[in-house]
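Subject: Structure for you to look at

Hello,

Here is the structure I promised to pass on.

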Amino acid sequence: MKYLHKHDPSGSFVIPFQGLVQSSLGHLFILLPVRRSVRQLIWKNDTYGGRLVDFAEQLIVAVAFLHSHLIAHLDIKPDNFVYTDDFRIQTIDFETAVWVRSEDEAITEKLGTDEFSAPEIDCEE
């Protein structure tokens, strides 16, 4: 996340990293700003108006941003995008993300959420 924040300091594509906190038990917690889930907006709110097309365009640009930095997120789904008060999409949850050597490198390991995995990953089995 620090790498992505360096290349996206305004948080245009990726939720901004705000720091780490360690609990008294030694657990580390990542501090992120409060955002609302895109999934909640789309599925639980009929008043999103024309935002769906705008969100789709922003999602494509956000994924292209990651790919331009040779990062494969590997868990693209509505739960892993949030939006700001001015309806800008930001990417979250980089637990399964990997750096690749080139845009043509194939990822064959099955990671992320099964229902949202790329069809070419399912074909490898």
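Predicted model: local features only at pLDDT ≥ 70, side-chain atom pairs only at ≥ 80, totals over all residues.

Residues are numbered from 1 along each chain as its sequence is written, and side-chain values use heavy atoms, with hydrogens and water left out.

Strands

Helices (H or I, at least four residues) and strands (E, at least two) are DSSP runs numbered from the N terminus, and two strands pair if DSSP finds at least two bridges between them. Strand E1 (residues 19–22) runs antiparallel to strand E2 (residues 28–31), and four bridges join them. Gln22 has Leu28 in E2 as its bridge partner. The two strands form a hairpin with five residues between them, and Gly26 in the turn has a positive phi of about 90°.

There is also an open sheet of three strands in the order E3-E5-E6, with antiparallel pairing. Strands E3 (36–37) and E6 (89–91) stand at the edges with a single partner strand each, so one side of each has no neighbour in the sheet. E5 (residues 81–83) is joined to E6 by three bridges, and Val82 stands opposite Gln90 in E6.

The loop residue

Asn80 lies in the loop between strand E4 (71–72) and E5. Asn80 is buried, at 3% relative accessible area (buried means under 20%, exposed over 50%, partly exposed in between, with a 1.4 Å probe and protein chains only). Neighbours within four places in sequence aside, Asn80 is in contact (heavy atoms within 4.5 Å) with His73, Asp75, Gln90, Thr91, Ile92 and Asp93.

Aromatic rings

The structure holds five aromatic pairs. Rings of Phe, Tyr and Trp (its six-membered ring) pair if their centres lie within 6.5 Å; planes under 30 degrees apart count as stacked, over 60 as edge-to-face and the rest as tilted. The Phe55 and Tyr83 rings have centres 5.8 Å apart and planes at 40°, so this pair is tilted. Because Phe55 lies in helix H3 (residues 51–68) and Tyr83 in strand E5, the pair ties together parts 28 residues apart in sequence. Tyr83 also forms a stacked pair with Phe87, at 5.4 Å centre to centre and 5° between the planes. Phe55, Tyr83 and Phe87 form one aromatic cluster. Within it, Phe55 is buried at 4% relative accessible area, Tyr83 is buried at 7%, and Phe87 is partly exposed at 23%.

Regards
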